[in-house]
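Please examine the sequence and the structure shown below.

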Protein chains: 2
Amino acid sequence: MDYDVIVVGAGVLGLSTAYHIKLEKPDERVLLIDKKPAPGQGNSGKSAECFRNIFYSEINTLLADTSIDFFFHVQNEKKFDLGIRKVGYLFLTAEEKSRLFKREHIEKGEVKVYEREDLRKLLKINLDVEGDREAEMLGLRNIQKGFQIVKAGYLSVSKLVDFYESRFKRLGGKTLYRTRVKKLILKPKEELGFPCEPHIWQDAEVIGVETGREKIYAKKTILATGAWSNTLMHPIGLETYMNPKKRQLFVLEAKTKELKELLYSKGFNDEEILPFTILPQPLIWMRATMEEDTFWIGCADEIGRGFKLEDDPKPEKYFYIYGIRPVLEKYFPQFKDQKPVNMWAGQYAVNSYDGCPIAYEENGVIFVTSATDRGIQISPSLGKVASAIYFGEEQVELFGGKMFRVSDIGVKKRKIEYELVL
Amino acid sequence: MDYDVIVVGAGVLGLSTAYHIKLEKPDERVLLIDKKPAPGQGNSGKSAECFRNIFYSEINTLLADTSIDFFFHVQNEKKFDLGIRKVGYLFLTAEEKSRLFKREHIEKGEVKVYEREDLRKLLKINLDVEGDREAEMLGLRNIQKGFQIVKAGYLSVSKLVDFYESRFKRLGGKTLYRTRVKKLILKPKEELGFPCEPHIWQDAEVIGVETGREKIYAKKTILATGAWSNTLMHPIGLETYMNPKKRQLFVLEAKTKELKELLYSKGFNDEEILPFTILPQPLIWMRATMEEDTFWIGCADEIGRGFKLEDDPKPEKYFYIYGIRPVLEKYFPQFKDQKPVNMWAGQYAVNSYDGCPIAYEENGVIFVTSATDRGIQISPSLGKVASAIYFGEEQVELFGGKMFRVSDIGVKKRKIEYELVL
């Protein structure tokens, strides 16, 4: 065996997993492998880089909340800058209530409520779109309320990647980039030399990976391969319970006075900047990027957007022009006549079943995925869960001391909770 | 609209669904479409043709039990011969107990128990394999008990297909064979003529199918496409919760006196023929085919058998020679030196999550699949469930009067039960 464990995928989740294994047991021989020339260059680097501590499911909420505490710990106590901006997460809703929030959230101050008057004043937003012919064609509804998650914002994924990678290496972890894993090596536990092994009567295990150049052996293999997971898991008959889907992100500059005012909206947070903001259906989101005076804008499309694996997905200009723009302009006339100055596309790994993360071990492989769009913000805790599975633990202590039962996000003893698509 | 509903897939499940829709509402314009030149030519026609009324999950048990009642009703009351042979389903276990059976099954006579002495006498089986070097290499264990499900056996799938198709046509149903559905037609409910519709702000629905030759429109489309389902569902962003996997079946002739005796084993059923028999791990099964004096033999392989869609999967001689044969011969020396005279391969649609059927509607498509290897034996009831979903019913009366809540096998309100892989 060349290593104790190979972690495939150097996105934030693979990095976090590899880091936690080395942290727990520094003598463990860990190899982190990725097809890209550097870590964090896949879909991690294409994300909206946001975090929030409240989800519909308890599992996502716990994993996110503890992960965010870890982010702050790294930045404030470890003095490793992660570029965190605690700008909040503002849901603008067409109803007086939101299924996402409970009364306790508001009572405890975890969620701040904004009335129509506040929103109009703070955002110069057009709340009342109903009655407008075009808005009706778009199916848009008036905005009734704003709910802002306080423990939320954005951070720099590249800095988070640097943190994980540097610590992992300092602990003695090995990395191998520019190396695509072509397949998992499945062998019978007792090889006999017959053709076509493993046979149905043999116990088989994954004992490493095959790259284009070589075979690398390890006692266990962890897949943090996100959207690419099916290409490795399916050939040996293991399921991932997820499929890949394109996600797109469009960048608009705050060129005009009105857009600058929107970008630097006051009254929401100490940073005095627009929170991560989500409009009512079709749930277009936008965030301000203070460092570059831009808005990042996107929308997760459901029906009509196929499941498909693409190594280099392309953003679609028409998706902005015909999909996002007309809706965005109705609520925020400030964006009229503005065009994206940059755009990119990545891929989600979508678990359409319950929208919650998945982590389980079978035949020497540990598969872990955050599923959907919360990879970054739950990566510290989810990586720790994967590390716990690797060490054969049933419970794991998340950052801050809360315990988590790893089988809750497994397959056979899964605690079923449904996440809302937002 | 050309039709009220298009049912894609003329396997037993699609046939049953189409039949139940016409039966419920004879005026409904129903088109059954399939890529093959005739119905039942896909994986239905490659199955082991068996049925049993007891499963681990209540859902599979109910769907199978009521379906079997329907089979008997068709054959006995409707006088349409389905070639049913009620030979039973014999599990040979390495333990004194089986997770599959409850005490009530035995008390009620639904399951007959066979002791080692009975088995040895009736089957001339080698129960004690432990201690043998080769058997230990194969990981085989001694057989302790036999449990025979009484309401079980085999039937003729081609006759079942004939029954469904003839009744469906007699009720006015239309069929279209030799026609491969290339894609589902997804349209916004209100089409505006913009490029790239549907957009994120549009409600979209499947309004029919595109074949190589034409577009066919219908209010609803039902997919009973089994292993092929991902090719139609994934491009529009809908999940099937299953993946295709090859299954193989090998035919051996009862050439010798010993094999004839095994084939015509007495003491199990009124037919005086070997029941459908399952050996302990790795769960090789065999059935007698009285009509042709052959055994059909197979084994569902798990790890190492990849998920992969194949239009024309090939059986693998080595799978029999190195996989099945050594195990089979240890328990049944009668098969020594025998070779398959025929073999074929089909594809399972495997729901690895819970092993239960799936039926749900979204955006004008109703997707239905039995998942794994019980398509035939639950097709009457599952087709009725699909028909109920089509008619917008929440409950459905299965054959014999039992009610079933259709959402139990849906996605979002699914009643989670895990089926045993057997």
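**A strand and its neighbours**

Strand β5 (residues 111-114) of chain B pairs with β6(B) in the antiparallel sense over 4 bridges; two strands pair if DSSP finds at least two bridges between them. Strands (E, at least two residues) are DSSP runs, numbered from the N terminus. This is a predicted model, in which local features need pLDDT of at least 70, side-chain atom pairs count only at pLDDT 80 or more, and totals for chains, interfaces and linings use all residues. Residues are numbered from 1 along each chain as its sequence is written, chains are lettered from A and ligands numbered from 1 in the order in which they are written, and side-chain values use heavy atoms, leaving out hydrogens and water.

**Pairing of β6(B)**
- Opposite V111(B) stands I149(B) in β6(B).
- Strand β4 (residues 89-93) of chain B runs antiparallel to β6(B), and 5 bridges join them.
- Y89(B) has I149(B) as its bridge partner in β6(B).

**Burial of β6(B)**
- In β6 (residues 145-149) of chain B, 5 of 5 residues are buried (under 20% relative accessible area, 1.4 Å probe, protein chains only).
- K145(B), F147(B) and I149(B) point one way from the strand, while G146(B) and Q148(B) point the other way.
- In a regular strand the side chains alternate between the two faces of the sheet.

**Relation of the two chains**
- Chain A is superposed on chain B by a rotation of 180° with 0.0 Å of shift along its axis (RMSD 0.0 Å), by least squares on the C-alpha atoms of residues with pLDDT of at least 70 in both.
- That is the relation of a two-fold axis.
- Y241(A) is the residue of chain A that comes closest to the rotation axis, at 3.6 Å (C-alpha).

How values were computed
Buried < 20%, exposed > 50% of the residue type's maximum accessible area, 1.4 Å probe, protein only.
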